[in-house]
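Have the structure open while you read.

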Amino acid sequence: MDKRARYYKNKRYFESDDFKKSTGVKQGLRLCGNEDEIKVANQLSKFFKITFSKEGTFKTTSYVFNFLQPGEEFREYYNLYNEVLLLFSPYTEFESRTLDFVDKTLEEFDNRLDKVCVFLVSRDGDIETKINGLNTANKDSRIIVPFTYAEILQNGISKTDINTKLRKYFYSRDLFALESPLKTEAYFYGRNTLIQKLYDKYLIGEQSGLFGLRKTGKTSVLYALERQMVLRSGCSVYIDCQNPGIYMLRWYELLQFIVTEICKKYEVNKKVIDDDYSEKKAALTFERDMKEINGVLKTRVMFMFDEIEHICFQTSDKEHWRNGEDYCMFWQTVRSAFQKQSECFTFLIAGVNPLCIETAYVNNVENPIFSMISIEYLNLFDLSNVKDMIGHIGKYMGLNFDEEIYTKLTEDYGGHPFLIRHICSLINKDISLDRPCKVSKYEYATKKKEYDAKIVHYVEMILGVLKTWYPKEYELLEILAVDGVQELKKNLEYKAKEMQHLLGYGIVKEVNENFYITINAVNLYLENTHKLQGKKTSKEQAWSEVSKRRNVLEDKLRKIMLLRMTMQYGSKKVKGKLLEVVESGRKEREKLQDLEINDLIENHFYLLDVKQVILKNWSLFDATFIDKVKFENFLDVINKYRIDAHAKTIEESDLLMLTLAFNWFDERIEDLPV
């Protein structure tokens with residue numbers, strides 16, 4: 001029976017009166033298993049509806065399993081809206097390979113079973129310790145709720161016992177805090193269409209290129225594609241190019257590694273001889289071996305090259321890939337073999353940037369894969385994806401988010417799934433274990449700045465690849481964040497390709513010929529860390545940077561000064577009080593008496609005048625600036641290094657002093673109403 005037919009059969013059952021009874025055993029269903037397992041199932045049927053029972057064999061081991069349909073309370077409290085797999089492990093020593101059977105069963109019944117939660121009944125008295133160990137080692141493991149035969153059979157089990165167990169395993173785990181790529185589909189969201197597209201290309205023998213920002217889930221997509229291959233009897237080999245065991249290899253050694261991995265994974269009885277993969281023989285040997293492997297497997301193999309930058313020209317750490325001949329020799333061999341026997345293999349390249357397929361010549365040699373591969377960018381999540389991921393995972397943890405939070409998360413973090421999950425992890429840490437509970441938009445807004453500070457290192461990680469490998473793209477982002485759209489447009493003409501990459505990543509969007517950074521956290525990071533320091537500037541750029549920042553500060557100081565002085569002396573006397581600090585020798589002093597107060601402050605009051613007013617009336621400003629000595633010294637630094645006015649270059653040490661001075665003032669007046 002195909003999946004569509006099973007769906008309608010199940011749909012009819014779920015709408016029947018028999019299903020609507022929330023407990024018991026489905027009418028006419030015979031429970032499988034031995035006497036103890038049938039007793040356990042009957043105990044659990046007091047609180048769940050048992051809808052299916054079967055005994056199966058997997059890798060020579062027999063397993064009994066049932067499907068449990070949760071009632072309304074379990075659905076609402078633990079997000080269990082699908083049936084739950086109940087698996088019996090009748091051995092006194094639990095082995096983790098049992099979870100391979102779990103994966104197989106969940107894939108086989110993916111239209112019925114919850115993909116996150118599994119009930120496991122084991123004869124191993126230490127099962128809870130072992131499951132906790134698995135959870136610690138694999139953060140993205142499913143929620144395995146362990147029971148022992150003894151605890152159910154000896155004393156029976158109550159609804160309170162089940163709730164206690166579920167609360168322990170659902171609410172105590174932070175399912176958002178996943179650092180590594182997802183190796184199962186349990187917490188995988190939003191990429192199914194892309195995976196199908198990549199699989200379709202594999203079927204027809206086309207190459208694929210998958211590119212996107214760091215931590216957007218490229219490796220998780222490759223793992224999901226591999227799972228698709230297993231389900232549909234396809235073949236693949238994953239090559240992690242950031243592994244030193246890969247990028248340390250020479251081009252001919254990497255070809256041998258690929259062939260060896262295929263033979264090992266699919267148990268192809270073939271000897272891979274070292275001498276045949278010498279520099280002179282490797283190309284012909286690879287072609288011959290792939291043809292022989294295809295004769296055994298009867299289907300093509302997909303080579304998945306992840307983190308391609310590590311074996312690419314310009315970006316690899318190893319000289320033989322970066323500037324040597326290995327890049328061209330490797331891809332010349334792969335391309336030649338593919339053109340002769342495309343039925344044997346295809347390949348997929350994954351990385352941040354499509355440099356390797358957009359560059360026509362490498363070290364004065366034609367790039368073998370130039371324009372050979374169509375580019376797919378891994379999009380950032382839209383609102384629907386964010387709501388699906390965060391809402392679904394959150395409910396397993398007893399967190400129900402306000403609708404507005406999904407919108408804010410999408411806007412503030414641009415739909416970057418890794419950043420959004422880690423913000424939600426921080427939210428989770430602030431919530432008590434009294435769950436399920438509501439997470440309000442007000443709680444999120446209150447903690448937003450604190451959360452941003454805690455994920456700065458993740459933002460640095462995401463941008464670090466661009467800064468190190470693709471500095472022109474990083475520079476465009478920096479210009480957009482610090483100098484604005486008009487300055488960016490001046491730099492676009494000779495960097496069109498770099499902007500196309502930024503648009504492809506989704507980190508920049510264009511609306512009505514204007515550009516903006518989609519991830520507010522990235523925008524803030526660039527503004528805060530690259531206003532002055534860490535940026536290599538020309539003399540003209542330094543003038544512009546310092547002038548812009550000082551002008552903003554002067555304007556704020558003038559407004560703060562006028563506001564406080566007016567509140568103290570009144571609007572009629574304030575001008576006289578301000579003019580008391582103007583030097584008596586100033587030629588225009590008498591003329592200043594006749595000016596309107598705003599004209600006086602904005603056009604005729606120097607920074608040193610502002611300084612003297614504040615110092616003379618320090619008690620009015622003490623609560624804001626706190627340290628009088630620092631106020632005076634930092635303002636003198638800002639006034640002294642007027643490099644735009646004096647048209648001179650600035651030393652690195654002076655630039656750092658200016659940065660400290662500007663940052664000190666920013667911290668004290670940033671949130672003042674001026």
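1. Let's start with a helix pair in this predicted model. The axes of α12 (residues 251–265) and α13 (residues 282–297) come within 10 Å and cross at roughly 10°. Anything under 35 degrees counts as roughly parallel, so that is what α12 is to α13.

2. Who touches whom here? On the α12 side, the residues that meet α13 are Trp251, Tyr252, Leu255, Val259, Ile262 and Cys263. From α13 come Ala282, Phe286, Asp289, Met290, Ile293 and Leu297. Sorted by class, the contact of α12 with α13 has 11 nonpolar residues, no polar ones and 1 charged.

3. Now the sheet. It is open, has 5 strands with parallel pairing, and reads β8-β9-β10-β7-β13 in order. The edges are β8 (235–240) and β13 (375–377), each of which pairs on one side only. On average, neighbouring strands are turned by 20° against each other, direction ignored.

4. Helix α12 comes back at this point, as it packs on the sheet and touches β8 and β9. The direction of α12 makes about 135° with that of β8. Another helix to look at is α15 (residues 326–340), which lies across β9 and β10 and runs at about 145° to β10.

5. How many bridges hold β10 to β9 and to β7? With β9 (residues 301–306), the parallel pairing of β10 covers 5 bridges. With β7 (residues 208–211), also in the parallel sense, the pairing covers 4 bridges.

6. Is β10 (residues 345–351) mostly covered or mostly open? Mostly covered: 7 of its 7 residues are buried. In a regular strand, side chains alternate between the two faces of the sheet. For β10, one side carries Phe345, Phe347, Ile349 and Gly351, the other carries Thr346, Leu348 and Ala350, and both faces are covered.

7. The contact of α21 with α22 involves Leu463, Leu466, Lys467, Thr468 and Trp469 from α21. Across from them, α22 supplies Pro471, Glu473, Tyr474 and Leu477. By class, the residues of this contact divide into 6 nonpolar, 1 polar and 2 charged.

8. Last, the overall tallies. The chain has 34 helices and 17 strands, and 51% of its 674 residues count as buried. Of the contacts with a separation of 6 or more, 70% come from residues 24 or more positions apart. The accessible surface of the chain comes to about 32300 Å², with 49% of that belonging to carbon and sulfur atoms.

Note on methods: Residues numbered from 1 in each chain as written. Predicted model: local features only at pLDDT ≥ 70, side-chain atom pairs only at ≥ 80, totals over all residues. Heavy atoms only, no water. Contact = heavy atoms within 4.5 Å. Helix = DSSP H or I, 4+ residues; strand = E, 2+ residues; numbered from the N terminus. Nonpolar A, V, L, I, M, F, W, Y, C, P; charged D, E, K, R; others polar. Buried < 20%, exposed > 50% of the residue type's maximum accessible area, 1.4 Å probe, protein only. Pairing = 2+ DSSP bridges. Areas by Shrake-Rupley, 256 points an atom, 1.4 Å probe, with all protein chains shown as cover. Axes fitted to C-alpha atoms, helices over the stretch in contact; angles between N-to-C directions. Parallel < 35°, antiparallel > 145°, perpendicular 65-115°, else oblique.
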